[in-house]
Amino acid sequence: MSSPDPTLDTANDTRKVLVVGASVAGVRTVQALRSAGFTGVITVLGAERHFPYDKPPISKEMLSSESTGEPVPLLTEDDVAKLDVELRLGAAAVRLDPAAKVVTTEDGEAHAYDVLVIATGASARNLPSGEGLAGVHTLRNAEDAVQLRSELAPGRKAVVVGAGFIGAEFAAAARAWDVDVTVVEAQPIPLAHILGDRIGAELGGLHELHGATLMTGVTTKRLVGETRVEAVELSDGRTLPADIVVVGIGAEPATAWLKGSGLPVSNGIDCEASLEVTGFPDVYAAGDVARPLHFLYGEPVRIEHWTNANDHAALVASSILGTPVPRPALPYVWSDQYGHRIQIIGLPSRGELVLTRGSAATGNLVAAYAGPDGVLVGALVLGNPRMLMKCRKAVMKSVHHADFERDLPAAS
Amino acid sequence: MEGTTTMNRRFACTTGDLDPGESMTVPGEVKIALHRTEDGEFFATADTCSHEEWSLGEDSDLEDDELICPLHMARFNLRTGEPTCFPATIALKTYAVEVEGDDVYVVA
């Protein structure tokens, strides 16, 4: 990270920083504060008992038969010692009083702060009938992955509700275990709401190519089973036998604990481009839970990507300390499915598909999206990181899609 | 001085082999990524991203004096190898580059 600025007295800054959330955004914020030279007290409250771990492996490596299934740590015990941070695990925050500058945890303990960073992330949505029924899983944290992995065995029947990235990554991992997989998607075409019909169909086609069944335009009516799930009843009357059900229908920002705090919470926490919570000096939000004004799109955007949590951590540290603002980065997310790496830069949902090369079936796909003015707003590649980087530059520079296409080498 | 560098240096390419804004991997016992900025300047770094397994010579992007890994968007300063944003926190090893006429060498 960048060296401390000698003109800023970060070493004599005695403010007490409290970070609520011990995942990517929270932990990276601590690292960024320390690498900028901040020497004040830092406390991190984590709701889970697990040592801080990385999130992408939950739906990837942790489910693989080739891995140990253990969470991938975000840092080492040695790192924690060097960071000089008080790490409180199993300490879920339940209340915030911004006037008194106190956060209360589940056990009733009060944690005073000078500066608060809210990095509580997002929680997986479940089906109403899925709560408390064995065999029904969401996939958002390490415990979910450990439990789900223990259910994977050849010949078992899995029904995946939702053909988004979590559902698709689980389906791919389960097929590698020779699990019998059916993916049920409410939209007529998977991912059509963010990638459009054509590219959604390309990616949805991967399921069939790898032996999973894809059912679209149908919803889940009811989960059948007394204590353990036995089947999934669909809206069209069909019933699918199921040993395992994975619910991948998105996530909600984890803001329930902020009720009564007065913070501006709607879909996430409203904050300025600096990540300072609107109207609340000394309170910041970072990662999945934050909904700041976006530098490129000019309106509030909440992003649940892993890279966004990393970017926010660096930004929030610079806002707290008054150090130079890090270079703004485009939204970026990747997904590993059936041996393919899918990468998305920018926000394709803000435009229409204007360029396609290759296909998912051949393992090399490029799709670029432009807004009504023809300017590129996002792109997706499968198996082509080089083109991803070309698209990244073009989106960053607001290039018109016709100019972009003209400059492309014929073979890429 | 010439003797010590000659012993450890290897021929990478000719200046015409690497366009500005492009990178390549120089094979050898220790793989090295050779980068040429849009301004035409050459830099050499470790070939593998310090965050996760990825060949920076095969695929990476250059922006001003920074190198970007396309896997997770880690950025590094080309001159020092220092990471300039998350997720990378470990510097890339850097190597000297010597250009003699049209020939480009890296010193490992």
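This is a predicted model: local features need pLDDT of at least 70, side-chain atom pairs count only at pLDDT 80 or more; totals for chains, interfaces and linings use all residues.
Student: What percentage of the residues of chain A count as buried?

Tutor: A residue is buried if 20 or more other C-beta atoms lie within 10 Å of its own. Among the 412 residues of chain A, the share that counts as buried is 45%.

Student: Of the contacts in chain A with a separation of 6 or more, what share comes from residues 24 or more positions apart?

Tutor: The contacts considered are those in chain A with a separation of 6 or more. Residues 24 or more positions apart account for a share of 61%.

Student: Which element gives the largest share of the side of chain B that touches chain A?

Tutor: The contact involves 16 residues from chain A and eleven residues from chain B. On the chain B side, the residues divide into six nonpolar, three polar and two charged. The largest share of that side, three residues, comes from residues 83–85 of chain B, which form strand E8.

Student: Which peptide bond is cis, with omega near 10°?

Tutor: Most peptide bonds are trans. The proline of the cis bond, B:Pro87, is found in the loop between E8 and strand E9 (94–100) of chain B. With omega near 10°, the cis bond runs from B:Phe86 to B:Pro87.

Student: Is A:Lys101 buried or partly exposed?

Tutor: A:Lys101 lies in the loop between strand E4 (93–97) and strand E5 (102–105) of chain A. Although A:Lys101 is not a glycine, its phi is positive, about 60°. Because A:Lys101 has 17 other C-beta atoms within 10 Å, the residue is partly exposed.

Student: Is B:Met73 buried or exposed?

Tutor: Most residues other than glycine have a negative phi. B:Met73, a residue other than glycine, has a positive phi near 65°. Its position is in the loop between strand E6 (66–68) and strand E7 (75–77) of chain B. Since 26 other C-beta atoms lie within 10 Å, B:Met73 is buried.

Conventions:
Residues are numbered from 1 along each chain as its sequence is written. Chains are lettered from A and ligands numbered from 1 in the order in which they are written. A residue is buried if 20 or more other C-beta atoms lie within 10 Å of its own, exposed if 12 or fewer, and partly exposed in between; C-beta atoms are placed from the backbone. Two residues are in contact if their C-beta atoms, placed from the backbone, lie within 7 Å. Helices (H or I, at least four residues) and strands (E, at least two) are DSSP runs, numbered from the N terminus. Ala, Val, Leu, Ile, Met, Phe, Trp, Tyr, Cys and Pro count as nonpolar, Asp, Glu, Lys and Arg as charged, and the others, Gly among them, as polar.
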